[in-house]
Amino acid sequence: MLKKIAEMDSGAVLITGDGKRLAEIYLNVWGSRGKRILAEHLPFKVDGDVYIGSPFEGDDFDVYLILNPLSRPKEEREKLIEWLKEHRDKLVLLYESKYVKDSITRYKLRNFIDYLIAYKRETVGFERVDVMRLDGGKVVGGKTYVRRR
């Protein structure tokens with residue numbers, strides 16, 4: 001399922017739980033395929049051409065990185081939802097530093113997300129990545145990956 005996300009050409013992916021490494025991998029893969037990336041700002045290093053700016057002002061890009069969409073005020077989340085409605089043909093990576101998995105149902109944003117990746121570093125020495133496929137805000141498939149240190 002993680003490979004299927006890397007091969008996407010359009011849609012929205014939400015990574016939660018401070019999964020910087022996953023977000024970096026996806027942006028590097030999409031950038032290596034020649035896609036132009038616009039990011040609000042970069043919390044990690046990305047190879048290739050990445051432009052910094054507001055996604056609400058640039059329409060000439062293939063991939064957008066939007067940071068902490070769930071932590072924003074309600075008005076900004078509504079603006080983001082309207083923007084996502086208009087840009088369904090683009091590839092959007094939403095990166096949230098706080099952990100959200102099942103509680104995604106509290107947010108309207110769930111209706112515009114194709115994949116939710118919830119990253120969690122457990123205290124007993126392993127990392128857990130839950131990947132869920134969403135359709136219309138409902139989970140239609142999922143897979144869990146575990147990595148022991």
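## Basis of the description

Helices (H or I, at least four residues) and strands (E, at least two) are DSSP runs, numbered from the N terminus. This is a predicted model, in which local features need pLDDT of at least 70 and side-chain atom pairs count only at pLDDT 80 or more, while totals for chains, interfaces and linings use all residues. Residues are numbered from 1 along each chain as its sequence is written, and side-chain values use heavy atoms, with hydrogens and water left out.

## Surroundings of D9

D9 lies in the loop between α1 (2-6) and β1 (11-16). Leaving aside neighbours within four places in sequence, D9 is in contact (heavy atoms within 4.5 Å) with R33, K35, D89 and L91. V92 is 83 residues from D9 in sequence, yet the C-alpha to C-alpha separation of D9 and V92 is 9.7 Å.

Two of these contacts are also polar contacts, defined as a pair of N or O atoms within 3.5 Å; within protein, one must be able to donate a hydrogen and the other to accept it, and residues adjacent in sequence count only if both atoms are side-chain atoms. The side chains of D9 and R33 are joined by such a contact of 2.4 Å, and the side chain of D9 makes another with the side chain of K35, at 3.5 Å.

Eight strands form an open sheet with mixed pairing, in the order β3-β2-β4-β5-β1-β6-β7-β8, where two strands pair if DSSP finds at least two bridges between them. Because β3 (50-52) and β8 stand at the edges, each with a single partner strand, one side of each is left without a neighbour in the sheet. From one strand to the next, the twist averages 20°, with axes being lines fitted to C-alpha atoms, for helices over the stretch in contact, and angles running from 0 to 180 degrees between N-to-C directions.

Strand β4 (residues 63-67) pairs with strand β5 (residues 91-96) in the parallel sense over 5 bridges, and L67 has Y95 in β5 as its bridge partner. Packed on the sheet is α2, which touches β1, β2 (37-39), β4, β5, β6 and β7, and the direction of α2 makes about 165° with that of β5.

## The largest pocket

A pocket is found on a 1 Å grid over the protein atoms alone, as an open set of points where a 1.4 Å probe fits, with protein on both sides within 12 Å along at least five of seven lines; lining residues have an atom within 4 Å of a point. The largest pocket has a volume of about 290 Å³, the volume being the space filled by probe spheres set on the points, which are joined across faces, edges and corners. Among the 15 lining residues, L22, Y119, E127, V129 and R147 are the closest to the pocket centre. The elements that give two or more residues to this lining are α2 (20-32), β6 (115-121), β7 (126-135) and β8 (138-148), and α2 supplies the largest share, 4 residues.
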